[in-house]
Amino acid sequence: MSRVAYANGRYVLHRDAMVHIEDRGYQFADGVYEVCEIFRGALIDEKRHFERLAYSLTELQIAAPLRTGALAVVVREVMARNRIVNGFIYVQVTRGVAPRDHVFPPKSVSPSLVVTARHVDPEKNEIKARKGISVITTPDLRWKRVDIKTISLLPNVLARQLARERGAYEAWLIDSGGMVTEGTASNAWIVSEAGTIVTHQLDHSILRGITRTTLIEIIAAQGLKLEERKFSLEEAFAAREAFITGATTLIMPVVCIDGRQIGTGAPGQVASKLRAIFHDTAARSS
Ligand code: PLP
């Protein structure tokens, strides 16, 4: 079956979908995006993803290309045309097409909207979760507003490539004070020796992960202890467990950081349990 994409008002074959060479996303990375999981035919935490998209657009003063209701229709159409049962929907909005100039184009220039969907075999992720992943650490070279989900991802790309070259799945980014901010495409968490779950507090130096937000609700409902604060690499090395969260990985146990075994070296109980119950709590919309 051929893949279908939505690009600026048209459903087209994925291989034929094009953006203009003067699209500001192409020239300046002047745009934002969202990735939302599709699980058993339903969108997971769709409302929160759309809210974050609206936040990112507002922060960058990019007009919404469609009202939320209309965007939801496009997203469902792309899911249906690609017959996605398990996978992801990708939504990208850029400031539109205009002659290259750093200054914003006139308001008459419409934002560009692209929506694609991809099938993923959920069992592959489950196999990975049963084993746990390795992460490396590298300095956080990103700009100071990573709470905005922009398509400007070069430092993330470089860090992720480094992880790949070192045989790891993810890279944790370390700020100038030696504290872990987050992963290149995930939020970072540890479970301390005392059993407290720790993740970086919300501010401009991490993305407000949707999986993170939902997981915090689950943690509270489970009566587990949570601290939203910075943690150091040394604290992570000494942790009982570590894990990452993201729409593409869900809750994924980390068993090794920079070649050092975390906890027993096997996926931890807390991470595994939270992973097992995540989809029961996250909002589903079809
Ligand atoms: N942090 C960064 C830098 C990300 O790119 C992502 C997801 O792409 C996340 C965290 C996790 O966010 P979410 O749970 O919304 O997928």
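Four elements each give at least two residues to the shell around the ligand: helix 2 (46–59), strand 9 (179–183), helix 6 (210–221) and strand 14 (241–246). Keep in mind that this is a predicted model.

On the domain level, the shell takes at least three residues from domain 1 (4–120) and at least three from domain 2 (125–285).

Which residues come nearest to the ligand? There are 18 residues around the ligand, and the nearest are Arg52, Glu182, Ile210, Thr211 and Ala247. Sorted by class, the shell has nine polar residues, five nonpolar and four charged.

Now the polar atoms. Thr211 has a side-chain N or O atom 2.6 Å from an oxygen atom of the ligand. At Ile210 the backbone is involved: one of its N or O atoms lies 2.8 Å from a ligand oxygen atom. Ser186 also uses its backbone, with a polar atom 3.5 Å from a nitrogen atom of the ligand.

How much of the ligand does the protein bury? The ligand taken alone exposes 390 Å², and the protein buries 93% of that.

As for location, the ligand sits in the largest pocket. That is the site as the model has it.

Technical notes:
Residues are numbered from 1 along each chain as its sequence is written. This is a predicted model: local features need pLDDT of at least 70, side-chain atom pairs count only at pLDDT 80 or more; totals for chains, interfaces and linings use all residues. Side-chain values use heavy atoms; hydrogens and water are left out. A residue is near a molecule or strand if one of its heavy atoms lies within 4 Å of it. A polar contact is a pair of N or O atoms within 3.5 Å; within protein, one must be able to donate a hydrogen and the other to accept it, and residues adjacent in sequence count only if both atoms are side-chain atoms. Accessible areas come from the Shrake-Rupley method with a 1.4 Å probe; for residues, only the protein chains shown count as cover. On a 1 Å grid over the protein atoms alone, a cavity is a set of points where a 1.4 Å probe fits but cannot get out, and a pocket is an open set with protein on both sides within 12 Å along at least five of seven lines; lining residues have an atom within 4 Å of a point. A molecule sits in a cavity or pocket if more than half of its atoms lie within 2 Å of its grid points. Ala, Val, Leu, Ile, Met, Phe, Trp, Tyr, Cys and Pro count as nonpolar, Asp, Glu, Lys and Arg as charged, and the others, Gly among them, as polar. Domain bounds come from an automatic or database domain assignment.
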